Structure formats: structure tokens, C-alpha cells
Amino acid sequence: MSDSLHYVCPHCHTTNRIARAQLGNQPSCGSCHQPLVTGEPVALDADSFARHTGRSQLPVVVDFWAPWCGPCRMMAPGFAQAAKTLAGQAQFAKLDTEAHPQTSAPFGIRSIPTMVVFKEGKELARISGALPPGEIVRWVQSVI
Ligand SMILES: [Zn+2]
């Protein structure tokens, strides 16, 4: 395991190279100077989705969801809670499949919510259906 990693800023989506040891010390973005580790899900569009899933060396957990999906909305607070629990271990992100259908299409998402874990452009795992926060955390930890 390398001592440093590529971490995509959740605010300006610039790729930062930071030391792993600094992840717990509230590192800030070299470009926009905002905190890199927020513990909050970041809302992605087509461009930022490509940057985060393609470049981040920290695992990225993407929630494919849509505003009309009841279970998706129900899971949202638990997803945010899991993001907080795993801050510095995984970046949590959300992709609105209704607003960005071209971005989600290549992944063949058949039902939502579906969560997919990416690392350096590769899909590590996916799971469909709403989960409570504790199970989201356990599932992510079992994958990364
Ligand atoms: Zn930034």
C-alpha cells in the first residue's frame, strides 16, 4: 500500500495527492482550500462522476437513486450517516439517475437504489435495495 493516494475533492473535483497519514488531520484541497474529508455524500453529475469513480484511490460508494423513488428517499439519511461513519475510508456519492441517465446507463442499473463501490475506475461490488446505515457500513467495509 502506497503512503499517498489520489483523493478527488468533493467540492471542486480536483484530484489531490495526499499522504494517507494526513486523512485524519482534516486535509484541505490544494485548489479550492475546502476540507477534503467531509463525511458527507457528494452529489455527482456526468463530469464529476467520471472524475471521482475514475481517479479516486479512496473507494467511492455511489448511490444510484432518483427523486421519485420512495425507498431511495428513505435510505438517504442512513446513507449520509454511513458516509460520516466511514469518513476518510470511503467517499460517499450520489448519482441522480433521472437527471443523468447517460451516466448511469452503462452500468445497467435495473432497480434503485443500487449502491456501487468503485476504486480507480473499477467496480468492486454492487448491491440493490435500501439498507439501514449499519448494514451499509458493514457491506462497504467487507468490500474495501
Ligand atoms: Zn477542491
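Student: Is Arg-51 buried, exposed or partly exposed?
Tutor: Buried means under 20% relative accessible area, exposed means over 50%, and partly exposed is in between (1.4 Å probe, protein chains only). Arg-51 has 26% relative accessibility, so the residue counts as partly exposed.

Student: What kind of model am I reading, and how are residues numbered?
Tutor: This is a predicted model, in which local features need pLDDT of at least 70 and side-chain atom pairs count only at pLDDT 80 or more, while totals for chains, interfaces and linings use all residues. Residues are numbered from 1 along each chain as its sequence is written, and side-chain values use heavy atoms, with hydrogens and water left out.

Student: With which residue does Arg-51 form a salt bridge?
Tutor: Side chains of opposite charge can pair when their charged atoms come close. The cut-off for a salt bridge is a side-chain nitrogen of Lys or Arg within 4 Å of a carboxyl oxygen of Asp or Glu. Here the partner of Arg-51 is Asp-47, with the closest N and O atoms 3.4 Å apart. Asp-47 counts as partly exposed because its relative accessibility is 48%.

Student: Where do Asp-47 and Arg-51 lie in the fold?
Tutor: Helices (H or I, at least four residues) and strands (E, at least two) are DSSP runs, numbered from the N terminus. Both residues sit in helix α1 (residues 46-55). They are four residues apart, about one turn of the helix.

Student: How many salt bridges does a search of the whole structure find?
Tutor: The search finds three. One of them joins Arg-126 to Glu-123, whose closest N and O atoms are 2.8 Å apart. Arg-126 is partly exposed at 34% relative accessibility, and Glu-123 is partly exposed at 36%. Another joins Lys-94 to Asp-63 at 3.1 Å, N to O. Lys-94 belongs to strand β5 (residues 91-96) and Asp-63 to strand β4 (residues 60-65), so this pair ties together parts that are 31 residues apart in sequence.

Student: Are Lys-94 and Asp-63 buried or exposed?
Tutor: Both are buried.

Student: Which residues coordinate the zinc ion?
Tutor: Look for donors first: N, O and S atoms within 2.8 Å of the metal (3.2 Å for Na, K and Ca); water is not among the atoms, so sites may look incomplete. Here the SG atoms of Cys-9, Cys-12, Cys-29 and Cys-32 coordinate the zinc ion, at 2.3 Å. Along the chain, these donors follow the spacing C-x2-C-x16-C-x2-C. Cys-9 and Cys-29 link distant parts of the chain, 20 residues apart. Cys-9 is in the loop between β1 (4-8) and β2 (15-19), whereas Cys-29 is in the loop between β2 and β3 (42-44). Both of these cysteines are buried.

Student: What is the geometry of the zinc site?
Tutor: Four donors count as tetrahedral if all angles lie between 85 and 135 degrees; four count as square planar and six as octahedral if opposite donors are over 155 degrees apart and all others between 65 and 115; anything else is irregular. The angles among the four donor atoms here are 105 to 112°, and the site is tetrahedral.

Student: What does His-11 touch?
Tutor: Contact means heavy atoms within 4.5 Å. Neighbours within four places in sequence aside, His-11 is in contact with Cys-32, Gln-34, Pro-35 and Thr-38. His-11 lies in the loop between β1 and β2. His-11 is partly exposed, with a relative accessible area of 33%.

Student: Where is the kink in helix α2?
Tutor: The bend at a residue is the angle between axes fitted to the seven residues ending there and the seven starting there. In α2, a kink of about 40° falls at Ala-76, shortly before Pro-77. The buried residues of α2 include Met-75, Gly-78 and Phe-79. Among the elements covering them are β4, β5, β6 (114-119) and α4 (133-143).

Student: Which backbone features deserve a look?
Tutor: Start with the cis peptide bond joining Ile-112 and Pro-113, where omega is about 0°. Pro-113 is in the loop between α3 (101-104) and β6. Then take positive phi in a residue other than glycine: His-13 is near 65°, and Gln-26 is near 50°. His-13 is buried at 17% relative accessible area, whereas Gln-26 is exposed at 72%.
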